[in-house]
Structure formats: C-alpha cells, structure tokens
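Me: Please take a close look at a single part of this structure, the one picked out by its database annotation, and describe it carefully in one connected answer.

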Amino acid sequence: MTDRYNREIDYIRISITDRCNLRCKYCMPEEVPFIPHERILRYEEILRIVKILAKLGIRKVKLTGGEPLVRRGCDSLIREIKQIEGIDMVTLTTNGVLLEEMLPQLQEAGVDAINVSLDTRNRARYLEVTGKDMYEQVERGIEAVYKSGIPLKINCVPVQGVNIDEIPDFFTWAKEKQIAVRFIEMMPIGYGDQYEAFSAEQIKEMFFARYPEAYQVKEILGNGPAVYYRAPGFAGEIGIIGAVHEKFCSTCNRIRLTSEGFFKLCLYSGAGIDLRQMLRDGSTDEEIADAIADAIQRKPKEHHFGEVQAESSVDASASGEADTRKMSQIGG
Ligand SMILES: Nc1nc2c(ncn2[C@@H]2O[C@H](COP(=O)(O)OP(=O)(O)OP(=O)(O)O)[C@@H](O)[C@H]2O)c(=O)[nH]1
Ligand SMILES: C[S@@+](CC[C@H](N)C(=O)[O-])C[C@H]1O[C@@H](n2cnc3c(N)ncnc32)[C@H](O)[C@@H]1O
Ligand code: SF4
Ligand code: SF4
C-alpha cells in the first residue's frame, strides 16, 4: 500500500483498550471517563480488520493501549493475528506491570518483541510519575522478558525536572545488557504540553559527550522511527525517537486503529474513518477495503507539533487538523 507521497504503509498500531492500570502524569493523570464496552472493538472485529489490512499490504502489527495487558485475552489475540496470512510480526508496547505473570502466555502466543515503558528506575520517583507503587513489579517483568530471549526495548520519556539525572544510568543499562534503551521526545498531545521536554538533540549530545566513539547503527532494529546508536563495549543500543523535532514523516510507514475502531491516518492529525460503523452496519470486506485504500490516499504529509495552526507554514490541507484525543486513546 503506497500513499500519495509514495510512502509504503506496512505497519499498523492497534490500541486494544483505553484503560490502564497506571496514571502517568503526562498521559492519564486523573480518573478519565472510560469508553463504554460496547463502543470498544471486539476481538473478532479487530481480527476482521487485520485480515483486510493484510490483503492490502500490512505486514507488521503493534498492540498498544491504554495498557494492552489489562484487556483479557490479549495473548489469544496475538496468537490469532499471528495466524493471519501476510502478517510477519506482532509486537507489544506495555507498561510492564502485568508482564511477569503474563509472559508465559505471551511467549506461547508467539509475540515477536516487547517494548516496556519506564521513565525512572527509582521506586519513589516511579510512584510520583505513574501514581502507583509498581516499580519492582515492572523490573521483574523486564528481567523475565530479558531471560526469555524475546527482543526487548525500553521506552523512556525524559522530562526536565523529573528524570534527566537518570539518563546516564539508562545509557549504562544498554551498555551492560542486550537491550535497546530508547528516549522519546515528549509530544504536546494530551497533557504532554504541560511538561518541558528534553530534546532528541540534547540526548544525543549527552550520549556522545560520554561515549565519543559512539556511532549510528545501520541495521534496522524495529518498525518504528527510532534512530539507534552504539558505543564500543555496548551489549545493547541507545535509541532516540525525535517525535517532535526530527520529522521522520517522509519515511512514515504506519497507520493506527483506536480501541473504538477509528482508523487513524497519522499520530498528529484527527483525519481518518470510522471503521466500527462500517463493521457494524453490515459493510462487506470489499467495501471496508475500498474505504481503507481510499483513506490511505488522504494520509497527512507530516505533523506540526510545536507549530501554531494559523501559521502560513502549516498546510492544513496536507496535514489535517490536530487531533484532540489523549495519548491513552491513541496508543502512542
Ligand atoms: N511523532 C511520532 N511519534 C511516533 C510515531 N510512531 C511511534 N512514535 C513514538 O514512538 C513511541 C514508541 O513506539 P513503540 O510502540 O515503542 O514502537 P515503535 O518504535 O513504533 O516500533 P518498534 O521499534 O518496532 O517496537 C510511541 O509511543 C510514540 O511516542 C509516529 O508515527 N510519529
Ligand atoms: C500511550 S502508552 C500505551 C502503551 C503502554 N501503556 C505503555 O505505557 O507502554 C505508549 C507510549 O507513549 C508514551 N507517551 C505517552 N504520552 C506521551 C507524550 N505526550 N509524548 C511522548 N510519548 C508519550 C508512553 O511513555 C509510552 O511509552
Ligand atoms: S503511558 Fe501507558 S502506562 Fe502510562 S498512563 Fe499512559 S497508557 Fe498508562
Ligand atoms: S506524525 Fe504522522 S506522518 Fe509523521 S511519522 Fe507520525 S504518523 Fe507518520
């Protein structure tokens, strides 16, 4: 599937729930009203969409949330997606809270890689950032994945005044273990605009100041936009996702499906189509495939995080209006 900017779209990120067992301050700080069950796609509806997408050229699937592991049967969903012809890879992005107990089922289901989000390795600070005293549980989950041999990545969002002092320890983690430790620029989505982000450039400077012989890794280490670096003696890698400042949109390969069944063409923009409506009003697979193929041609060119919509540089026709959904609804 190629869009009007000649980008090959082969990766879908599916948010399977808007619910979460953590309350990260920048993502879901208070008791947000949850979407009623009947508005959430059932697993058989997700499977039907993935089958249609696989025929259109989607090869890689990421399950995210909310917290994907709080939705019962997440492992069965992975197993069934893996069986769909054309799908090469199913990966998971999780906060890790339920990972230790669920790892055997996930492994048995055939999950291809797991990313765990962890902004701090300090228990008191973890409670402060996520609202829950679950740090040790998450570390045990990470250790279990590491021992299982399933490819593991860590996602850390560096924020001024919160965890910048820990960044060198995160570098050391990647030095000592075969893990990709990634830093994501905070995006002004949801509550993210209330925090002072640490930029991709700042992380890179910090890394090269400590490890002057570091170099960019050439091989492809995932399906997402991270740029990876290694230094001599490193078992793992450092990854940097310049979600705001490094516009990787020209090589974008992805689309999204929200837990409510909204087929979202871009992380930034609200553009897309309501597939739940089509699934439930009796549309055929061919009609849904046509609607998806047509929507792909309207995929926005790029994001405009950090810019004012009214500025002349912002081409709303090419990028769509900014979405108002929260990150927990989109899935990152
Ligand atoms: N601006 C922007 N940020 C993105 C996009 N896709 C992913 N990100 C950011 O990267 C974060 C990490 O994504 P993950 O779910 O861990 O996975 P990934 O990096 O896409 O893929 P893998 O490396 O294959 O696991 C997301 O939570 C987003 O914050 C995108 O299309 N645009
Ligand atoms: C929305 S969560 C969903 C999956 C799972 N609950 C987790 O935390 O990994 C996915 C990723 O988005 C990141 N995230 C949330 N809000 C963000 C923001 N405003 N800017 C950048 N990343 C954000 C989180 O840190 C997490 O790594
Ligand atoms: S970042 Fe993930 S773990 Fe944290 S509140 Fe959002 S969905 Fe939950
Ligand atoms: S912001 Fe939109 S166009 Fe840019 S990489 Fe993300 S999904 Fe693709």
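Reply: A residue is called buried when its relative accessible area is under 20%, exposed when it is over 50%, and partly exposed in between, with a 1.4 Å probe and protein chains only. The model is predicted, so that local features need pLDDT of at least 70 and side-chain atom pairs count only at pLDDT 80 or more, whereas totals for chains, interfaces and linings use all residues. Residues are numbered from 1 along each chain as its sequence is written, chains are lettered from A and ligands numbered from 1 in the order written, and side-chain values rest on heavy atoms, without hydrogens and water.

The UniProt record, an unreviewed entry, gives Cys 249, Cys 252 and Cys 266 under "binding site", and such annotations may be inferred rather than shown by experiment. These positions are spread over 18 residues of sequence and yet cluster in space, with a largest C-alpha distance of 9.4 Å.

Cys 249 sits in the loop between β9 (237-241) and β10 (254-257), where strands are DSSP runs of E of at least two residues. With 10% relative accessibility, Cys 249 is buried, and, leaving aside residues up to four places away in sequence, it is in contact (heavy atoms within 4.5 Å) with Arg 7, Lys 301, Glu 302 and His 303.

Cys 266 belongs to the loop between β11 (262-264) and β12 (272-274). Its relative accessible area is 10%, and therefore Cys 266 is buried; under the exclusion of residues up to four places away in sequence, Cys 266 touches Arg 256, Lys 299 and Pro 300.

Finally, the structure holds zero disulfides, a disulfide being a pair of cysteine sulfur atoms within 2.5 Å.

Conventions. Helix = DSSP H or I, 4+ residues; strand = E, 2+ residues; numbered from the N terminus.
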